[in-house]
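Welcome! Have a look at the structure below, and then we can walk through some of its rings and strands together.

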Amino acid sequence: MTNSISLSRRGFLVSSGAAGLTISFLAGCAGADDNTPAAADLPPNPEVNAWVHIGRDDVVTIRIARSEMGQGTLTGLAQLVAEEIEADWDKVVTEYPTPGENLARNRVWRDFSTGGSQGIRSSHQYVREGAAAARMMMVQAAANEWGVPVGECSVSKGVITHGPSGNELTFGAVAEAASQLEAPSDITLKDPSTWTIVGQPVARLDTADKVTGAQQYGADIVLDGMLLASIKAAPVRNATVASFDASAVEGMPGVVKVMQVGDDAVAVIADTWWRANKALEALPIEWAGGDRFNSADFEAELDEGLTADEAAIGNQGGDVDIAFAEAAQIVEATYNLPFQSHAPMEPMNATALYTEERCEVWCPTQNGEAALAAASRASGLPISQCDVYKQLLGGGFGRRGMSDYVAQAVLIAKEMPGTPIKLQWSREEDQRQGFYHPTTKARVRGALDENGNLTGVNIRISGQSILAGIMPQAIVGGIDIATFQGLASPDNPRTADQSLKYTFPNFRMEHAMRNPPVRPGFWRGVNANQNAIYLECLMDELAVAAGRDPLEFRLAHLQDSPKSAAVLQAVADRSGWGSDDGKHRGLCAFYSFGSYTAACAEVTVDENGQLKIDRIVAATDPGHAVNPQQIEAQVEGSFVYGLSAMLYGNVNFVDGEVQETNFDTYNVMRLSEMPEVETIVMPSGGFWGGVGEPTIAVAAPAVLNAIYAATGNRVRELPLNYRNLREA
Amino acid sequence: MARLHVNGQVVDVEFDDDTPLLWVLREQLGLTGSKYGCGVAACGACTVHIDGMAVRSCVYPASAISEEEQITTIEGLSEDGSHPVQEAWKELDVPQCGYCQPGMIMAVAGMLNSNPEATDEDTDAEITNICRCGTFQRVRRGVQLAKTKM
């Protein structure tokens with residue numbers, strides 16, 4: 001494939017559903033049209049290189065390997081490419097290469113996986129280098145055309161100019177010749193001080209269709225002859241299908257097929273999803289075996305872990321035992337946090353078309369290559385005979401890094417060769433079949449000397465390891481180092497971007513791994529979310545015990561991390577911290593995903609103990625701020641995600657079954673609970689930190705500390721559920 | 001065969017009596033802008049208008065809608081995305097993943113139909129749609145901006 005990527009499969013034709021109107025339109029890509037009158041007689045331009053195609057109409061199509069799920073990475077990555085090729089931003093569009101194309105081209109786009117706030121920070125270098133190479137090739141092509149030295153040519157906004165003659169050529173006019181040139185080996189990236197697109201608050205590239213309903217998500221795909229599937233997997237982990245009575249529903253309207261999927265699931269296939277799901281709900285299914293797990297009972301195991309002799313040590317310094325032995329005052333508390341469900345707005349779905357020669361999948365996924373591998377495994381076809389067409393995600397939050405729903409869709413489609421099958425989970429299925437954010441408890445302890453100086457910090461986390469559940473190969477020496485996110489050592493290259501920024505004279509961070517029979521998963525913010533509560537509520541408790549100002553107390557231990565101190569000071573200054581205005585405020589600073597974040601929350605607790613979060617001031621230093629307005633959007637949204645968990649998030653298992661199966665019981669924050677968030681984006685440059693996740697960590701601790709300021713009571717068990725905060 | 005008025009057009013469509021309007025729109029009329037989020041009227045991703053009033057179509061039986069009632073979906077809110085709410089949403093880059101936004105926009109447009117002077121407090125009270133990306137702050141600003149474009 002040397003030309004523009006074929007769009008024939010991902011720009012699918014849409015036709016009628018089960019009955020009624022027939023509509024068809026082509027969801028195509030403007031970049032490959034080459035439809036200007038002058039260019040109409042010419043074949044389309046080949047790509048300049050893997051990252052960039054430029055049409056004869058000068059439309060710049062930028063290839064994006066990572067998945068867009070709302071976090072804005074598509075626009076941010078496009079800014080990086082447009083910057084280095086010196087494109088006219090108004091002519092930029094984007095497209096996804098497929099995972100199959102990536103493999104066929106020796107992974108020219110490298111990693112498709114989108115998680116860990118890595119979209120930009122782990123790909124900016126090679127993405128920008130690819131773009132810069134494309135620019136250099138186009139300038140060379142123009143110089144060749146004119147027979148002049150490259151050094152006499154300049155480039156700006158998609159136009160190459162020969163200085164001495166004033167001749168000009170657009171990118172579209174030289175793209176074909178450029179594509180024939182050798183890629184340059186010596187690439188110099190632009191100095192950040194010369195950026196004109198990166199660092200600008202440009203509008204997202206994917207907004208227009210999202211306000212008209214034209215944006216297609218995986219759930220919206222319609223293929224010719226497609227049938228719809230609804231599925232129910234064993235509601236209890238590790239249970240299997242014992243039996244099901246297909247005859248009970250086979251006569252229901254529209255039902256085409258009732259089938260077992262793997263060992264543990266049953267699906268109904270029908271002409272509409274509504275009919276498929278209705279029949280599925282009526283289908284008698286018997287399950288066998290499984291882990292009859294009760295989350296309420298699991299608390300005892302977590303409690304045991306809090307004081308167990310054995311625990312992994314993730315980070316330590318000095319001698320914390322001596323510090324506690326010699327302490328004038330010890331602060332000790334236990335915090336308790338529940339399971340969480342991702343609950344993206346778009347429930348899991350995937351559309352699969354299987355034939356004996358080929359398996360194709362259309363799906364929203366955070367990990368296109370893992371989805372491709374899943375399609376290959378489930379179909380039994382070699383990976384070269386499979387492909388995945390990524391769709392924009394209706395939320396991911398880590399859930400769509402898993403490919404379980406992709407495999408299910410393929411297993412169903414394999415039973416109906418030639419018929420496209422769209423598998424759509426119900427919300428209930430989505431809630432029951434999660435990869436849940438683990439429950440943890442922590443015993444947090446701090447030692448103070450007689451002058452109120454902090455001499456020791458000890459955090460013992462007890463709970464599930466995410467890596468042990470889904471990436472056991474990442475457990476080294478029995479330690480899940482990711483458990484220590486934000487508490488970890490800067491000296492370990494695996495945790496440097498998730499390291500503790502306080503300087504404590506003596507400290508020890510411990511984890512007693514206690515794994516329940518529940519699938520764990522990466523949940524936006526991951527372990528930083530609870531670790532920030534553990535560390536930053538402890539710091540608040542310690543400041544109070546020491547009779548010191550919580551801001552001053554924190555800053556006193558951030559002397560080795562001026563960037564952490566800067567974001568904390570910024571929120572304090574903006575919020576009016578320390579002023580005598582009767583407001584109740586709480587602070588939090590945390591470092592995770594390579595970015596420095598802080599928040600100051602302002603709350604009111606009325607005489608009935610009811611909480612109102614009035615205002616949040618948040619600051620983030622992600623190093624380079626590629627798109628400040630999108631960083632603001634991510635920071636604002638992070639408070640919704642983080643405070644939803646604090647207020648309501650709680651998945652309970654009773655006899656192995658999830659109790660909260662829809663938004664009526666798994667409540668989340670609404671507009672009326674949304675505080676005004678003032679975001680301070682303060683990029684200090686020189687590094688690339690994440691944006692989508694790190695701010696979530698500071699949301700709950702800032703509010704919990706503000707609740708203490710308002711009431712004198714500590715909330716140490718979540719969710720809050722608007723309990724009476726005046727009652728201790 | 002039932003006759004519905006959808007986005008200014010008359011359509012004849014067959015469906016089972018208990019089929020919610022959402023699924024008739026999405027699966028039989030090809031209007032996929034209205035989203036399935038919960039199926040229990042808890043999230044609002046399915047919000048459409050019936051005679052200008054916002055309703056949650058995932059629990060609204062299509063068979064309960066008369067020929068006289070005008071159904072408007074996100075696709076019919078304007079011809080070209082130029083409704084004041086849509087314009088405000090673009091100007092402020094409100095959507096993140098965008099999946100809930102058709103419902104959010106229809107809910108806001110419905111509120112402004114009945115209350116063109118809606119305040120932030122009105123928005124907080126009336127717009128109970130769920131957005132997991134957390135666009136609420138821009139939604140609030142968007143309502144106020146849309147008011148200036150009405």
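**Rings and strands: a short briefing**

Lys501(A) lies over the face of Tyr591(A), 4.3 Å from the centre of the ring. Keep in mind that this is a predicted model. Here is what else there is to find.

**Charges and rings in chain A**
- Arg519(A) places its charged end over the ring of Phe435(A), at 3.8 Å from the ring's centre.
- One aromatic cluster is formed by Phe293(A), Phe298(A), Phe339(A), Tyr436(A) and Phe653(A).

**Aromatic pairs**
- Over all chains, a search of the whole structure finds 20 aromatic pairs.
- One of them is the stacked pair of Tyr502(A) and Phe504(A), with 5.3 Å centre to centre and 25° between the planes.
- Both Tyr502(A) and Phe504(A) are buried.
- Tyr648(A) and Tyr722(A) make a tilted pair, because their planes stand at 55°, with ring centres 5.9 Å apart.
- This pair links distant parts of the chain, as Tyr648(A) and Tyr722(A) are 74 residues apart.
- Tyr648(A) is buried, at 14% relative accessible area, whereas Tyr722(A) counts as partly exposed at 23%.

**The sheet in chain B**
- Five strands build an open sheet with mixed pairing, in the order S2-S1-S5-S3-S4 (chain B).
- S2 (9-13) and S4 (53-56) of chain B stand at the edges with a single partner strand each, so one side of each has no neighbour in the sheet.
- S3 (residues 47-50) of chain B pairs with S4(B) in the antiparallel sense over four bridges.
- Ile50(B) has Met53(B), in S4(B), as its bridge partner.
- Helix H3 (residues 101-114) of chain B packs on the sheet and touches S3, S4 and S5 of chain B.

Key: Residues numbered from 1 in each chain as written. Chains lettered and ligands numbered in written order. Predicted model: local features only at pLDDT ≥ 70, side-chain atom pairs only at ≥ 80, totals over all residues. Heavy atoms only, no water. Pairing = 2+ DSSP bridges. Helix = DSSP H or I, 4+ residues; strand = E, 2+ residues; numbered from the N terminus. Contact = heavy atoms within 4.5 Å. Axes fitted to C-alpha atoms, helices over the stretch in contact; angles between N-to-C directions. Phe/Tyr/Trp six-rings, centres within 6.5 Å; stacked < 30°, edge-to-face > 60°. Buried < 20%, exposed > 50% of the residue type's maximum accessible area, 1.4 Å probe, protein only. Lys NZ or Arg CZ within 6 Å of the ring centre and 35° of its normal.
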